[in-house]
Amino acid sequence: MMTERDTETVHEAYSFVCLHCGHGWEEEYEIRHTADLSGRRRAEYFSHGRRVPSPLTRDICPDCTRGPLRILRPGRVKGIQSYLA
């Protein structure tokens, strides 16, 4: 059984754009960084209270179910959408 020695929680946001269909969205994540007693580190990602894979490994668009995706700094998609509105 692994016992955790320390936990650090950070919040990060990412913007995504599908290079196939042009769909863009932003998502916020709670990231829990932990280390066990042996010093092995891991990160667990949560979105809307549910554990999810790392957003850096995402490669499928929720709109067209294709890709590839481009990951941008947070705020990029919202900024473009408000400019176009």
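A residue counts as exposed when its relative accessible area is over 50%. Keep that cut-off in mind for this tour of a predicted model.

**Stop 1: T65.** Select T65, in the loop between β4 and β5. Is T65 buried or exposed? Its relative accessibility is 59%, so T65 counts as exposed. Now check the backbone. T65 has a positive phi of about 55 degrees, although T65 is not a glycine.

**Stop 2: G67 and P68.** Move along to the bond that joins G67 and P68. This peptide bond is cis. Its omega is about 5 degrees. P68 sits in the loop that runs between β4 (50–52) and β5 (69–72).

**Stop 3: L69.** Select L69 next. Which residues does L69 touch, apart from its neighbours within four places in sequence? The contacts are V17, C18, W25, R58, D59, I60 and C61.

**Stop 4: H48.** Finish at H48, in the loop between β3 (41–47) and β4. Its relative accessible area is 75%, so H48 is exposed. Look at the backbone here as well. Phi of H48 is near 55 degrees. That is a positive value in a residue other than glycine.

Key
Residues are numbered from 1 along each chain as its sequence is written. This is a predicted model: local features need pLDDT of at least 70, side-chain atom pairs count only at pLDDT 80 or more; totals for chains, interfaces and linings use all residues. Side-chain values use heavy atoms; hydrogens and water are left out. Helices (H or I, at least four residues) and strands (E, at least two) are DSSP runs, numbered from the N terminus. Buried means under 20% relative accessible area, exposed over 50%, partly exposed in between (1.4 Å probe, protein chains only). Contact means heavy atoms within 4.5 Å.
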